[in-house]
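Subject: Handing over the structure

Hello,

Here is the structure I promised to pass on to you. Please open it alongside this email, and read on below for what turned up in it.

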Amino acid sequence: MVSLQTPVCEFGKPAVDFRLPGVDGREWTLDDCMGEKGVLVMFICNHCPYVKAVLDRIVRDARELKEYGIGSVAIMSNDPSLYEEDSFENMKAIAERMDFPFPYLLDETQEVAKAYGAVCTPDFFGYNANRELQYRGRLDASRKDAAPPDVRRDLFEAMKQVALTGKGPAEQIPSMGCSIKWRDE
């Protein structure tokens, strides 16, 4: 398992549109996922210990960000032939078990992850209402284990700021996680 950090936020970079199948049986686009004040695009998977450590917090934050007009979407771009836990059936199971308040989509070709420049799971991209990138940082201080419950909620606070002002914080701490499992080309 390779641990990676995300690059620095490229403020203003436009969100990339997509059309991907969700575990709910429908196709989703960026428009479908947008909230009135912005959207949080998350690259996650089922098997990564970094994601497992914070999945309940991701669900909590996405649920609370809805109240601020921020939509959320999770995209799984790993090659599931490398990790059975990342299969579409297992994606459906975890979305149901965790009661995801956002669509969970399969990026089978990995084109969406490449278009966004995603490098790891979890990798967070926070956009304002104009679809301009404003946040590319961590959820919180968690790593392979969850940080204490009272830790600063970096992602939530940043996206709340985006909802209220249209701008993300100037200072951002990169997300860390497992490398995306790319298909052999």
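Let me start with L155. Leaving aside its neighbours within four places in sequence, L155 is in contact with L40, F124, Y135, R138 and L139, where contact means heavy atoms within 4.5 Å. L155 lies in helix 5; helices here are DSSP runs of H or I with at least four residues, strands are runs of E with at least two, and both are numbered from the N terminus. L155 counts as buried because its relative accessibility is 1%. For that label, buried means under 20% relative accessible area, exposed means over 50%, and partly exposed lies in between, with a 1.4 Å probe and protein chains only. Between the C-alpha atoms of L155 and G168, which are 13 residues apart along the chain, the separation is 10.0 Å.

Before going further, a word on what you are looking at. This is a predicted model, in which local features need pLDDT of at least 70 and side-chain atom pairs count only at pLDDT 80 or more, while totals for chains, interfaces and linings use all residues. Residues are numbered from 1 along each chain as its sequence is written, and side-chain values use heavy atoms, with hydrogens and water left out.

Next, a pair of helices. Two packed helices are described by the angle between their axes and the distance between the axes. The axes of helix 2 (residues 49-66) and helix 5 (residues 154-165) come within 10 Å and cross at roughly 15°. Axes are lines fitted to C-alpha atoms, for helices over the stretch in contact, and angles run from 0 to 180 degrees between N-to-C directions. Helix 2 and helix 5 are therefore roughly parallel to each other; angles under 35 degrees get that name, over 145 is roughly antiparallel, 65 to 115 is roughly perpendicular, and the rest are oblique. Which residues meet here? From helix 2 they are D61, E64 and L65, and from helix 5 they are F156, M159 and K160. By type, the residues of this contact divide into three nonpolar, no polar and three charged. In that count, Ala, Val, Leu, Ile, Met, Phe, Trp, Tyr, Cys and Pro are nonpolar, Asp, Glu, Lys and Arg are charged, and the others, Gly among them, are polar.

Now to the interior. A nonpolar core is a set of buried Ala, Val, Leu, Ile, Met, Phe, Trp, Tyr and Cys residues joined through side-chain atoms within 4.5 Å. The largest one has 35 residues, of which M42, I44, I58, F100, F102 and Y104 touch the most other members. Two or more residues of this core come from each of strand 4 (38-43), helix 2, strand 5 (70-76), helix 3 (88-97), strand 6 (104-106) and helix 5. Helix 2 gives the largest share, nine residues. There is also a second, separate core of 22 residues, which includes M34, V39, V73 and A113.

I58 lies in helix 2 and is buried, with a relative accessible area of 2%. Not counting residues up to four places away in sequence, I58 touches M42, I44, F102, F124 and L139.

A cis peptide bond joins T121 and P122, with omega about 0°, and P122 sits in the loop between strand 7 (120-121) and strand 8 (123-128). Q110 is not a glycine either, and its phi is positive at about 70°. Q110 is found in the loop between strand 6 and helix 4 (111-116) and counts as buried at 1% relative accessibility.

Finally, two residues with higher accessibility values. E132 lies in the loop between strand 8 and strand 9 (133-135), and its C-alpha is 5.4 Å from that of K13, although the two are 119 residues apart in sequence. D184, in the segment after strand 10 (176-179), counts as exposed at 79% relative accessibility.
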